[in-house]
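Thanks for coming, everyone. Let me put the structure up and walk you through it.

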Amino acid sequence: MLKVIQNRIEQGCKTSNYPLEPINLYHRYRGLPVIDSECSLDIVQRCADICPQDAIQVEAKTIDLGKCTFCGQCEVEGEGAFARFSEDFGLGAANRGDLITQGTLPDLAAHSKQEFKKLFGRSLQLRQVSAAGCNSCEADTNVLNTPFFDLSRFGIDFVASPRHADGIHVTGPISKNMRQALLDTYDAVPSPKIVIASGCCSISGGPFYGSDEIIGDLNSLIPVDLYIPGCPPHPLTTLHALLKFFKQG
Ligand code: SF4
Ligand code: SF4
């Protein structure tokens, strides 16, 4: 026992001080794209042609973050002339249309519902539903429970039963086989409830878009309140979105 206490003292506190202090991200992290609206249409077209997600709209010079996997191919193809990926991890949005961007996103805190902040600002219990995810979204959601992020210090927890939850956090492209289980879980959550679409799979189908075996767009099944883009979303992106949406503003 003494050794355990000694070890804890030697280790010190490993929990980050975010959001009071910034977190340094790995230099290859790709966050919100910086888009040059002056870029020639030829270059944008080349970027669109190489995009595996069909996420680039050429005439509008936009990227759909609900489809984008942040693979970085458009940055390489256009040598950064059209899009460069910044370290801005604040990617959450309350409206699907806001994810189609020229490089800016609305302030999430200003676009969330006051009702949600009042109800869930101090305590938010979520049921995770993996609707045929590849397990990366799920794994990076789990990371939020490690001592570094320590999600529960914000009053946010993932719970085992939808009956104990305030909402669902959905990952994966929603295979047809998972459709009913997802709907049953949603129905089991008492109202009022919130729905979070996490990762491009649950927003648009992600890398599986076009497959006959998936639903793809979660919002076509149940109303989505919060979108968290990424493939998978960085834990910091998820944490940032949850804090902005439920606690700030
Ligand atoms: S980073 Fe996004 S927009 Fe660019 S090529 Fe990859 S999927 Fe397409
Ligand atoms: S969004 Fe990407 S990481 Fe998440 S489940 Fe889909 S393929 Fe996997």
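Start with the loop between helix H1 (2-11) and strand E1 (33-35): Pro19 lies there. Helices here are DSSP runs of H or I with at least four residues, strands are runs of E with at least two, and both are numbered from the N terminus. A cis peptide bond joins Tyr18 and Pro19, with omega at about 10 degrees.

Before I go on, the ground rules. This is a predicted model, where local features need pLDDT of at least 70, side-chain atom pairs count only at pLDDT 80 or more, and totals for chains, interfaces and linings use all residues. Residues are numbered from 1 along each chain as its sequence is written, chains are lettered from A and ligands numbered from 1 in the order in which they are written, and side-chain values use heavy atoms, with hydrogens and water left out.

Where is Pro232? Pro232 sits in the loop between strand E10 (226-228) and helix H9 (235-247). Then look at Phe70, in the loop between E3 and H3. Phe70 is not a glycine, yet its phi is positive, about 60 degrees. For context, most residues other than glycine have a negative phi, and most peptide bonds are trans.

Now the sheet. It is open, has three strands in the order E2-E3-E5, and pairs antiparallel. Two strands pair if DSSP finds at least two bridges between them. Strand E2 (56-57) and strand E5 (100-101) are the edges, each pairing on one side only. E2 and strand E3 (residues 62-64) run antiparallel and are joined by two bridges. Take Gln57: its bridge partner in E3 is Thr62.

Next, charges. How many salt bridges are there? The count is four, taking a side-chain nitrogen of Lys or Arg within 4 Å of a carboxyl oxygen of Asp or Glu. In one salt bridge, Arg46 meets Glu77, with the closest N and O atoms 3.0 Å apart. Arg46 is in helix H2 (residues 41-50) and Glu77 is in helix H3 (residues 73-77), so the pair ties together parts that are 31 residues apart in sequence.

Last, the domains. The chain divides into domain 1 (33-88 + 99-105) and domain 2 (109-246), with bounds from an automatic or database domain assignment. Their C-alpha centres lie 26 Å apart. In contact, meaning heavy atoms within 4.5 Å, are 10 residues of domain 1 and 10 residues of domain 2. And between domain 1 and domain 2, the salt bridge count is zero. That's the tour.
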